[in-house]
Amino acid sequence: MPSLLVVDDELLIRDLLYDFFNGQGWSISVADSGDKAMSIMESKQIDIVLTDIKMPGMDGLELAAWVREHYPATPVVIVTGYPSVETAVSAIRSKVTDYITKPFNINQLLKTLEANVPFAKEAGKSR
Amino acid sequence: MTQTARRMLIVEDDGLVRENVVLFCERLGFDVTSCATVASALQYAATDKYGVVLVDCLLPDGNGMKVLEEMSQYHPEVSLVMMTGSPSVEAVIKCLRLGAIDYVIKPFNLFEMKSILERAAQKHTAALNVRDALRLVNKDGQSETRNGEQNRGYSRRQFAEPEFGPSGEKY
């Protein structure tokens with residue numbers, strides 16, 4: 001079962017993504033801050049991270065840089081409601097896998113995550 | 001560092017900018033080829049090997065993104081850097097998805113450019129090392145790294161990551 005870590009300070013987004021990806025056969029962990037996300041990553045196997053940029057404390061780009069340093073094989077996908085050239089360039093430099101703007105199409109998001117976790121699609125088919 | 005790491009293709013239609021960037025890169029020790037159009041860039045890319053490709057976004061015969069697309073598809077080990085005077089979020093996202101390692105906004109700082117190009121050359125060498133490692137395929141058809149860890153499948157970006165070297169060492 002592919003494992004996804006959702007990091008967003010908005011409860012509604014966390015719930016939406018939890019319900020959807022849980023229904024697709026993914027194992028979901030959620031965090032409302034970068035600090036909690038780091039704790040989760042240190043305690044369990046995560047195949048891909050989906051994070052908002054603007055959060056209290058550590059932002060999503062800082063979290064992406066931390067993931068790249070400590071878990072270089074784990075893809076990080078940025079989701080933001082406030083896209084800008086500056087954050088997108090920072091995303092390239094933080095070596096994120098993708099940068100998605102809100103509002104997003106959840107099926108498109110699923111395809112993006114599946115493309116970056118090769119065994120995820122098979123897991124979805126075997127539900 | 002590999003022989004191709006310091007071979008660079010610069011694609012820029014503004015003659016003055018191109019001349020200055022070529023001179024600057026040559027001073028950094030790069031072996032530079034330059035051109036001004038998408039068509040000539042694709043021709044150079046098809047006939048010669050480069051470690052770093054620096055492309056302007058707006059070119060007389062099309063968008064520099066076309067060069068990135070071709071390089072990304074056929075030469076994934078090449079470090080790609082886009083430069084532009086008219087940045088947009090959409091363009092940066094597209095560059096990210098094509099595996100570009102940086103997006104430089106004009107006018108740029110030469111010190112910043114030096115750091116980006118040196119990183120680009122290192123990444124090319126690292127990417128070649130990873131490519132060689134991934135060529136070691138086990139009898140079940142699953143690729144594995146030199147130290148025996150199984151490859152779970154990687155994107156172009158990860159493929160090009162220097163941190164993701166075959167021995168796990170940082171570059």
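Predicted model: local features only at pLDDT ≥ 70, side-chain atom pairs only at ≥ 80, totals over all residues.
Q: What makes strand E1 (residues 3–7) of chain A mostly covered?
A: A residue is called buried when its relative accessible area is under 20%, and 5 of the 5 residues of strand E1 in chain A are buried, so the strand is described as mostly covered.

Q: How do you know that E1(A) pairs with strand E2 (residues 27–31) of chain A?
A: Pairing requires at least two bridges between two strands, and because 5 bridges join E1(A) to E2(A), the two count as paired, and they run parallel. One of the contacts sets A:Val7 against its bridge partner A:Ala31 in E2(A). Between these strands the chain passes through helix H1 (residues 11–23) of chain A, and this β-α-β crossover is right-handed.

Q: Why is strand E3 (residues 48–52) of chain A also called a partner of E1(A)?
A: The requirement is at least two bridges, and 4 bridges join E1(A) to E3(A), which run parallel, so this pair meets the requirement. Within E3(A), A:Ile48 stands opposite A:Leu4.

Q: Why is A:Pro75 called buried?
A: A:Pro75 has a relative accessible area of 3%, and because the limit for buried is under 20%, this residue is buried. A:Pro75 lies in the loop between helix H3 (60–70) and strand E4 (76–80) of chain A. The C-alpha atoms of A:Pro75 and A:Leu11 are separated by 23 Å, and the two residues are 64 residues apart along the chain.

Key. Residues numbered from 1 in each chain as written. Chains lettered and ligands numbered in written order. Heavy atoms only, no water. Buried < 20%, exposed > 50% of the residue type's maximum accessible area, 1.4 Å probe, protein only. Right-handed = clockwise from strand over helix to strand, strands pointing away.
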